[in-house]
Amino acid sequence: MNTTTSAPPGDAKLHKILREDISRGDFFHTVRRDYADVKEFFLDDERKQRLAQMKRLKRWIYTTCWLLKALFLKLTPARRILVVIGLLLLVFSHTIHIQGGSYRIETSDFSVLGGMILLFVLMLELKDKLLARDELEAGHAVQAELMPEPSPEVPGWSLWLFTRTANDVGGDLVDFQRLDGDRFGVTLADVAGKGLKAALLTAKFQATLRALAPETTLLATLASRINHIFCRDGIRSMFASFVFAELTANSGSIRYINAGHHPPLLLRENGIEESRKGGPAIGLTESAEYYESEIAIASGDVVVMYSDGLTDSKNVRDEFYGLQRVRAILPSLRTLSAPVIGERILHDVDAFIGEAKIFDDLSLVILKREEAS
């Protein structure tokens, strides 16, 4: 068998890399998007509001100054000093003559040295970014391994589970577990925040839920026990909302508990219903009370569980996708299988978002009672 190996990035010809970069044809689009991301990251809401009230030239000057200052302050002390030295050498790069007593010292142009110092700082920042990227990719791989199959099998039901992170790792949890012979648990949780901090708390939530759910038959007790653990061990200002649904094979009902999450939607033959709202989110207060609910599901009925990344998705005009769009698309999907329903909703959301940046994790769970054969 013949095998071919591609050259590592360091062995690639630079002119070929640049030619490929230019041939992509998206240079200006990428720069505009990166510039928008930089402003979103470095500028706070107060400065964004001030910029919106300025004329174009003044806005450009202030934006440049604020971005450079924010960039400068984000550097480590040693790197800030190096940047100052590099900039001074670039600005005052003319030939300097120093004469004292009977001797004369003549220095050459320092602009090259200043550029090399700035390039060195850039390399240090890139090194830090690549190390962080490797760690985030490892975290993403772990989260992916902990995700259940997209369409787990439960007799009498059609299921579809989906989650997509806004960053490399996220704070949404979609999970599935077999509780005993005929009982199955489906979870959709949303930990406050995004990124690594939320992802770590999500992993703790998943481990706690998986440990307690099989041995806890009362769902209200399950939520209370999880809440107690998070109030005891939690991080200040960090909390999680979740919906846990218990399915029984070939059953026509669902038992569920809702802790501060969006009420699941029930798509029935005669319209859409919103399920009961639940208790407070997990980790807010030790005295929280939770109530188990049960709903009858007829053949062909669909339960839709979602995170706010669905309804809060925004397009380039800063418009929200919203719950009304979800409710508008659902009636036409009732006859389809759970995976197809989920994919259709996701396609509609992505078409609405277009080229806008995704700011929140998006999770979706579709539970459909299969038609009686």
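Biologist: Which residues do ring pairs link into a cluster?

Modeller: This is a predicted model, where local features need pLDDT of at least 70, side-chain atom pairs count only at pLDDT 80 or more, and totals for chains, interfaces and linings use all residues. Residues are numbered from 1 along each chain as its sequence is written, and side-chain values use heavy atoms, with hydrogens and water left out. Rings of Phe, Tyr and Trp (its six-membered ring) pair if their centres lie within 6.5 Å; planes under 30 degrees apart are stacked, over 60 edge-to-face, and the rest tilted. By that test, ring pairs join a cluster of Phe-205, Phe-230 and Phe-242.

Biologist: Which residue lies over the face of Phe-230?

Modeller: A charge sits over a ring if NZ of Lys or CZ of Arg is within 6 Å of the ring centre and within 35 degrees of the ring normal. For Phe-230, the distance to the ring centre is 5.6 Å. The residue is Lys-204.

Biologist: And how far is the charged end of Arg-369 from the ring centre of Trp-157?

Modeller: The charged end of Arg-369 sits over the ring of Trp-157. Its distance from the centre is 5.9 Å.

Biologist: How many aromatic pairs does the structure hold?

Modeller: Two numbers describe a pair of aromatic rings: the distance of the centres and the angle of the planes. The total of aromatic pairs is eight.

Biologist: Why is the pair of Phe-27 and Phe-28 given its class?

Modeller: The two ring centres of Phe-27 and Phe-28 are 5.1 Å apart. Their planes stand at 80 degrees, so the class is edge-to-face.

Biologist: What is the angle between the planes of Phe-41 and Phe-42?

Modeller: Phe-41 and Phe-42 make an edge-to-face aromatic pair. Centre to centre, the distance is 4.9 Å. The angle between the planes is 90 degrees.

Biologist: Is Phe-41 buried or exposed?

Modeller: Buried means under 20% relative accessible area, exposed over 50%, and partly exposed in between (1.4 Å probe, protein chains only). Phe-41 has 60% relative accessibility, so it counts as exposed.

Biologist: What does Phe-42 count as, on relative accessibility?

Modeller: Phe-42 has 23% relative accessibility. Therefore Phe-42 counts as partly exposed.

Biologist: Where does His-261 lie?

Modeller: Helices (H or I, at least four residues) and strands (E, at least two) are DSSP runs, numbered from the N terminus. His-261 is buried, at a relative accessible area of 7%. Its place is the loop between strand S7 (253-259) and strand S8 (265-268).

Biologist: Which side chain does a polar contact join to that of His-261?

Modeller: A polar contact is a pair of N or O atoms within 3.5 Å; within protein, one must be able to donate a hydrogen and the other to accept it, and residues adjacent in sequence count only if both atoms are side-chain atoms. Contact in general means heavy atoms within 4.5 Å, and beyond four places in sequence His-261 has contacts including Leu-188, Phe-242 and Tyr-306. The polar contact of His-261 spans 2.8 Å, and its partner is Ser-241.

Biologist: Which loop is the place of Asp-301?

Modeller: Asp-301 is buried, with 4% relative accessible area. Its loop runs between strand S10 (292-296) and strand S11 (302-306).

Biologist: How long is the polar contact between the side chains of Asp-301 and Arg-334?

Modeller: The Asp-301 side chain makes a polar contact with the side chain of Arg-268 at 2.9 Å. Leaving out residues up to four places away in sequence, Asp-301 also touches others, among them Leu-367 and Arg-369. The polar contact of Asp-301 with Arg-334 is 3.0 Å.

Biologist: How many disulfides does the structure hold?

Modeller: A disulfide is a pair of cysteine sulfur atoms within 2.5 Å. Cys-65 is partly exposed at 47% relative accessibility, and Cys-231 is partly exposed at 26%. The number of disulfides is zero.

Biologist: How many helices and strands are in the protein chain?

Modeller: Buried residues make up 38% of the 373 residues. The count is 11 helices and 12 strands.

Biologist: What is the radius of gyration of the protein chain?

Modeller: The radius of gyration is taken over C-alpha atoms, and the globule rule is 2.2 Å times the number of residues to the power 0.38. For 373 residues the rule gives 21 Å, and the chain is well over that, so it is more spread out than a compact globule. The C-alpha trace spans about 100 × 55 × 55 Å along its principal axes. The radius of gyration is 28 Å.
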